[in-house]
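Hi,

Here is the structure I promised to pass on. Have a look at it first, and my notes on what turned up follow below.

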Amino acid sequence: MPETQDLSVDVIQTVDINAAIGDSYQALIRRLTDENSTPDNKPLPMVLEQWPGGRWFRDLGNGQGHLWGFVQVIKPPTLIEIHGPMFMSYPVAGHIQFRLTQIPGGTELYLRHRALGQVEEEHREGVTYGWEYFANTVKQLAE
């Protein structure tokens, strides 16, 4: 029987962006869609339907793809929440929050990914670095 800590993931990342909140939000959208990539910088373009209930998925064409989640909350330019398995193709419940807050000199991006299920060790080990890479590339796109 798995231990409780083996059944959950809780990762928090924050990054300060030297850009206005609207520009930071647009960079986040670009990063979630056309400019998405893996931590080893391989392109991984995604589709984000920007409304409550919209899908976040990888479209492989011909009706094929991978569903990563559904938009739970969207309040431009400050908040996007998505729930679903994300990159885990097995039984897991996940939620990610992207919160943008205006701060002196720019914007803070707060990212929190929580998941519950029998998370594979490979994903548990890579998730912190993966989301750190994601947050830093949002910063690069915005600045």
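**What I found**

Let's start with helix 2 (121-142): its 22 residues stretch 33 Å from the first C-alpha to the last, close to the 32 Å expected at 1.5 Å a residue (the expected span being 1.5 Å times one less than the number of residues). Helices here are DSSP runs of H or I with at least four residues, strands are runs of E with at least two, and both are numbered from the N terminus.

Before going on, a word on the source: this is a predicted model, where local features need pLDDT of at least 70 and side-chain atom pairs count only at pLDDT 80 or more, while totals for chains, interfaces and linings use all residues. Residues are numbered from 1 along each chain as its sequence is written, and side-chain values use heavy atoms, with hydrogens and water left out.

Back to helix 2, which bends by about 40 degrees at Val127 (the angle between axes fitted to the seven residues ending there and the seven starting there). Val127 is also one of the buried residues of helix 2, along with others including Trp131, Phe134 and Val138. Buried means under 20% relative accessible area, exposed over 50% and partly exposed in between, with a 1.4 Å probe and protein chains only. The buried residues of helix 2 pack against strand 1 (8-17), helix 1 (21-32), strand 3, strand 6 (92-103) and strand 7 (106-117), where contact means heavy atoms within 4.5 Å.

Then there's the largest pocket, with about 560 Å³ of space. Of its 24 lining residues, Thr38, Pro39, Leu44, Trp68 and Phe87 are closest to the centre. (On a 1 Å grid over the protein atoms alone, a pocket is an open set of points where a 1.4 Å probe fits, with protein on both sides within 12 Å along at least five of seven lines; lining residues have an atom within 4 Å of a point. The volume is the space filled by probe spheres set on the points, which are joined across faces, edges and corners.) Helix 2 gives the most to this lining, with eight residues.

- Pro76 and Pro77 are joined by a cis peptide bond, with omega about 0 degrees; Pro77 sits in the loop between strand 4 and strand 5 (79-83).
- Asn41 is not a glycine, yet has a positive phi of about 65 degrees. Asn41 counts as exposed, at 56% relative accessibility.
- Met86 also has a positive phi, near 55 degrees, but is buried at 2%.

Cheers
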